[in-house]
Amino acid sequence: MTNSELTKKLILLGELFNDAERFSAIFAQAEQQNSWFTQHNLTFARTTWATTLSEANIKRWLSAYKLSKPQNVRKILLIMAGNIPLVGFHDLLCVWVSGHKAVVKLSSEDKLLLPFIVEQLKDLIPEWAEAVTFSDEKVTNFDAVIATGSNNTARYFEYYFGKKPHIIRKNRNSVAVLTGKETQEELTALGKDIFQYYGLGCRSISKLFVPENYSFDAFFQAIYAYRDIINEQKYANNYDYNKAVYLMSLYKLLENGFLILKEDKSYASPIATLFYEYYTDTEALKKQLITDTEQIQCVVAKGLLPDEIAFGNTQIPQLWEYADNVDTLKFLSNLG
C-alpha cells in the first residue's frame, strides 16, 4: 500500500474520531465500566486523536518510512494496558500501517473502546477491521509481541515471549524541571500534564525537579485553576488516604487542598501526590536524567534537553513520538 493510500485511510480514521455523536453511547458505557474514564477524559482522548490524525501530521509521520505490503503478513499479539482511555491505540495503528494483523488482548479496565472503533471501521476501512481479532483466551499462534504492563508483568512477558520478536514496556514516569523563571502561563499549562487522566498515564508528570530554595507559591497559584478535581470522589479518596498516611509517618508535606507535594527521590508518585527533588547543578541533573532514561517517559523543561517537551504537551504525543522511544512502526515493518 502506498503512502498516499495509507494517508487517505488515516484521514478517514481521523474523521471518525471527530464524530462526537458516534462515540456518545460507548463513552457512557465506558464510564460505567471504569469510573476513571470520565466523560472529560474520554472526550479529551477522542479529540486528541482527531487532531493528531490531521493530513499534515500523517504525511510527516509516513514520510520517514519506505512502506510496502509485507511479503509475509505476521500476526502481532498486542497486550494492552488500561490506565487511560485508548492507551494502546497507537500500537494497533502501527500494525494497520505496517500491513500486518493484530491479535489483541484488552485490559479489563478498557474493554469497550477499541472493539467499538474496529466495529466502526467495517464500513469505513473494512480491510483494517478484518485485520483485528480480540481474544480473552491464551494466545499461542502469533509471530511477534508488543506488550505493555508493570515491571512485574514485564518479567512475565520476558519469560513467555522472549524468544519471539518483541517490544515489552515497563513502568515509566514523567518529570518536569523548573528553574523558577517560568511564566504563570507555563505553570498553568504544566497543570494539564499533572492532572489530565488524574495522573494515571506514563506521560503524566509525577515529579518536579526544582532549584534549591525554590518557592512553590507561584506554582500553587498557577494550578489553582484545577481545584475542582477534588470534587471527583475517587481522586478525593486517594488525596485523603495519602495525606493521612504521610501525616501519620510524620513526613513534611506541602499541599493546597487538592494536591500533595512530598520531597522524595522516587519517580512514581501516587494519585493526588506530586514528588519533588531539589537540584543545585543543572549539568548534574542532565546526567541524572540521562542515566535514569529507562525510568522516564517524558521530560518537561525549557532549554534543558534536546528531546524535552513543552509545558502542557505531554498528553498530546505526535504520531512519530513512540512510547519508550522505540520505533514501533520500524519494528513491525522489519518483520515482513
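Between them, domain 1 and domain 2 bury about 1,100 Å², and 61% of that lies on carbon and sulfur atoms, where buried area is the accessible area, taken with a 1.4 Å probe, that two parts lose on being put together, summed over both. On the domain 1 side, Trp36, Asn41 and Ile84 lose the most area to domain 2, together 53% of what that side buries. The bounds are 3-171 for domain 1 and 173-300 for domain 2, and such bounds come from an automatic or database domain assignment. The centres of the two domains, taken over C-alpha atoms, are separated by 30 Å, and the contact takes eleven residues from domain 1 and twelve residues from domain 2, with contact meaning heavy atoms within 4.5 Å.

Before I go on, please keep in mind that this is a predicted model, in which local features need pLDDT of at least 70 and side-chain atom pairs count only at pLDDT 80 or more, while totals for chains, interfaces and linings use all residues. Residues are numbered from 1 along each chain as its sequence is written, and side-chain values use heavy atoms, with hydrogens and water left out.

Let me turn to the sheet in the first part of the chain. Five strands form an open sheet in the order S3-S2-S1-S4-S5, with parallel pairing; helices (H or I, at least four residues) and strands (E, at least two) are DSSP runs numbered from the N terminus, and two strands pair if DSSP finds at least two bridges between them. S3 and S5, the latter at 166-169, are the edge strands, each pairing on one side only, and the twist averages 15° from one strand to the next. Within this sheet, S1 (residues 75-79) and S2 (residues 101-105) pair in the parallel sense over five bridges, and Ile79 has Lys105 in S2 as its bridge partner. Helix H8, residues 151-161, packs on the sheet and touches S1, S4 and S5, its direction making about 165° with that of S5; here axes are lines fitted to C-alpha atoms, for helices over the stretch in contact, and angles run from 0 to 180 degrees between N-to-C directions. Helix H5 lies across S1, S2, S3, S4 and S5, running at about 170° to S1.

What does helix H6 pack against? Its buried residues are Leu113, Leu114, Phe116, Ile117, Val118, Gln120 and Leu121, where buried means under 20% relative accessible area, exposed over 50%, and partly exposed in between, with a 1.4 Å probe and protein chains only. Those residues pack against helices H1, H2, H3, H5 and H7 and against strand S3.

S7 and S10 run parallel and are joined by five bridges, and the bridge partner of Pro211 in S10 is Tyr279.

H9 itself, residues 184-195, has twelve residues and reaches 17 Å from its first C-alpha to its last, close to the 16 Å expected at 1.5 Å a residue, the expected span being 1.5 Å times one less than the number of residues. Its buried residues are Glu186, Leu187, Ala189, Leu190, Gly191, Asp193, Ile194 and Phe195, and what covers them includes, besides strands of the sheet, helices H10 (217-222) and H11 (233-248).

Just after H9, Tyr197 takes a positive phi of about 60°. Is Tyr197 buried or exposed? Tyr197 is buried, with a relative accessible area of 6%, and leaving aside neighbours within four places in sequence, Tyr197 is in contact with Asn41, Phe44, Ala45, Ile84, Pro85 and Gln315.

Asn213, in the loop between S7 and H10, has a positive phi of about 70° although it is not a glycine, and Asn213 counts as exposed because its relative accessibility is 74%. Asp324, in the loop between S11 and helix H13, has a positive phi near 60°, but Asp324 counts as buried, at 14% relative accessibility.
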